[in-house]
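I will go through one structure and write down what I look up.

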Amino acid sequence: MKHNFGAGPCILPQEVFKQASEAVLNFNNTGLSILEISHRSKEFIAVCEEAVQLVKELMNVPEGYSVLFLQGGASLQFLMSAINLLPEGGKAAYLETGVWAKKAIKEAKNFGEVEIVASSKDANFNFIPKGYTVPEDAAYFHITSNNTIYGTEMFDFPKTNVPLVCDMSSDIMSREVNVSDFGLIYAGAQKNIGPAGATVVIVKNDLLGKTGRTIPSMLDYQVHIDGESMFNTPPVFSIYVAMLNLRWLKAKGGVAAIEKENIAKADALYAEIDRNPFFKGTAAKEDRSRMNVTFVMENPELEKEFLKLAESRGCIGIKGHRSVGGFRASIYNALPIGGINALVAAMQEFEQSQK
Ligand SMILES: *Cc1c(COP(=O)(O)O)cnc(C)c1O
């Protein structure tokens with residue numbers, strides 16, 4: 001039995017894999033594969049509408065927001081968010097909490113002034129900055145709710161009158177958030193929503209159309225809203241599998257229910273990291289992510305040996321990102337508690353073996 005702790009693309013529920021594989025051969029008894037049906041067919045339009053509806057339902061998206069399934073990953077959203085929301089000659093504020101935030105900052109600089117209000121760069125991004133002020137004249141304030149590489153997560157969203165733009169790629173739908181606190185939320189699908197290839201965007205409609213610049217069609221949120229995510233051929237299979245996964249989440253009791261499980265999973269793993277004398281966490285305790293658990297060994301020379309043991313016990317994908325080292329266990333929605341138990345058991349087995 002394999003436990004996939006990969007950071008993304010990542011684990012999805014087994015039953016979703018099974019349903020998706022059946023649809024590759026015969027989609028909804030159409031006699032056609034999901035890979036060949038027209039995106040304009042009534043069957044696929046129904047899939048796309050259900051996927052959008054499930055996002056709205058699971059996240060309690062209020063009136064006045066649009067939900068889109070786009071392509072280009074979160075990385076294209078770094079640019080799209082800025083080109084759509086940062087007016088000519090205007091300014092945007094950013095919180096620098098890791099590599100993804102830095103990439104978002106780099107893209108925004110193409111479209112206006114960027115003010116970095118706070119950064120945890122000097123501590124290798126091992127905490128979430130607090131106690132900063134957001135300039136009132138910024139068009140928006142961009143944050144990253146979960147820093148996938150460094151294992152930090154923002155549990156208190158900033159209180160500001162400036163619209164919040166959030167890269168929620170790696171913790172979307174892992175916990176309840178108040179969508180009305182945000183002007184724009186975006187997330188590459190491949191962490192909690194579905195397979196790679198789709199990007200979810202939730203945008204407040206009345207923020208759009210105010211930049212004074214001409215936006216190329218494919219980069220214009222309004223064009224995609226008007227085209228109901230079908231301005232061009234959408235990633236049909238990715239959206240279909242995302243829809244299946246969102247159905248799975250709804251059947252489990254939705255975001256509130258999965259949040260409870262996620263808390264229990266993260267607590268169990270951090271408890272072992274704190275108890276076991278061979279390991280230590282890398283992120284500030286109050287900012288520890290419930291999605292990506294980063295940890296190292298007290299003696300780094302033992303890391304290869306532990307990695308081998310963990311892999312032999314089925315724990316796959318725990319090698320840390322090169323910028324943090326050590327280990328990273330990504331414990332997204334679809335990872336069952338059994339995966340955590342297996343990793344904790346491997347850590348205990350390692351401890352015993354060193355006696
Ligand atoms: C994975 C990730 C990205 C990059 O997403 P792509 O879809 O590969 O562009 C951006 N931000 C965060 C927080 C991520 O976890």
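Where does Lys191 lie? I find Lys191 in the loop between strand 9 and strand 10 (199-204). I note how such elements are set: helices (H or I, at least four residues) and strands (E, at least two) are DSSP runs, numbered from the N terminus.

**Ground rules**

I am working with a predicted model, where local features need pLDDT of at least 70, side-chain atom pairs count only at pLDDT 80 or more, and totals for chains, interfaces and linings use all residues. Residues are numbered from 1 along each chain as its sequence is written, and side-chain values use heavy atoms, with hydrogens and water left out.

**Entry: Lys191**

I check the record for Lys191. UniProt, in an unreviewed entry, places "modified residue: N6-(pyridoxal phosphate)lysine" there. I keep in mind that UniProt positions follow the numbering used here, that feature names are shortened, and that annotations may be inferred rather than shown by experiment. Is Lys191 buried or exposed? Lys191 counts as buried, at 11% relative accessibility. The cut-offs are these: buried means under 20% relative accessible area, exposed over 50%, and partly exposed in between (1.4 Å probe, protein chains only).

**Entry: the ligand**

How many residues surround the ligand? I get 13, and the closest are Ser75, Thr148, Asp167, Gln190 and Lys191. A residue is near a molecule if one of its heavy atoms lies within 4 Å of it. Helix 3 (residues 73-85) gives the most to this shell, with 4 residues.

I sort the shell by class. It has 3 nonpolar, 8 polar and 2 charged residues. Ala, Val, Leu, Ile, Met, Phe, Trp, Tyr, Cys and Pro count as nonpolar; Asp, Glu, Lys and Arg count as charged; the others, Gly among them, count as polar.

Next I look up polar contacts (pairs of N or O atoms within 3.5 Å; within protein, one must be able to donate a hydrogen and the other to accept it, and residues adjacent in sequence count only if both atoms are side-chain atoms). In the side chain of Thr148, an N or O atom is 2.4 Å from an oxygen atom of the ligand. For Asp167, a polar side-chain atom lies 2.6 Å from a nitrogen atom of the ligand. The side chain of Lys191 has an N or O atom 2.7 Å from an oxygen atom of the ligand. Taken alone, the ligand exposes 390 Å², and the protein buries 87% of that. These areas come from the Shrake-Rupley method with a 1.4 Å probe; for residues, only the protein chains shown count as cover.

**Entry: Glu153**

I move to strand 7 (residues 152-153), which holds Glu153. At 1% relative accessibility, Glu153 counts as buried. What does the side chain of Glu153 reach? It reaches the backbone nitrogen of Arg290 at 2.8 Å. A polar contact of 3.2 Å also joins the side chains of Glu153 and Arg175.

I look at the peptide bond from Gly8 to Pro9. That bond is cis, with omega near -5°. Pro9 sits in the loop between strand 1 (3-4) and helix 1 (14-25).

Then I check phi. Met173 has a positive phi of about 65°, although it is not a glycine. I place Met173 in the loop between strand 8 (164-167) and strand 9 (184-188). Met173 is buried, with a relative accessible area of 2%.

Glu228 is not a glycine either, and its phi is positive, near 50°. Its place is the loop between helix 5 (221-226) and helix 6 (236-251). Glu228 is exposed, at a relative accessible area of 62%.

**Entry: cysteines**

A disulfide is a covalent bond between the sulfur atoms of two cysteines. I count one when a pair of cysteine sulfur atoms is within 2.5 Å. My search of the whole structure finds 0 disulfides. Cys166 is buried, at 0% relative accessibility. For Cys315 the closest cysteine sulfur is also in Cys10, 16 Å away and too far for a bond. Cys315 is buried too, with a relative accessible area of 0%.

**Entry: the domain**

Last, I return to UniProt. An unreviewed entry there places "domain: Aminotransferase class V" at residues 4-339. The end C-alpha atoms of that span lie 8 Å apart. The span is 33% helix and 17% strand.
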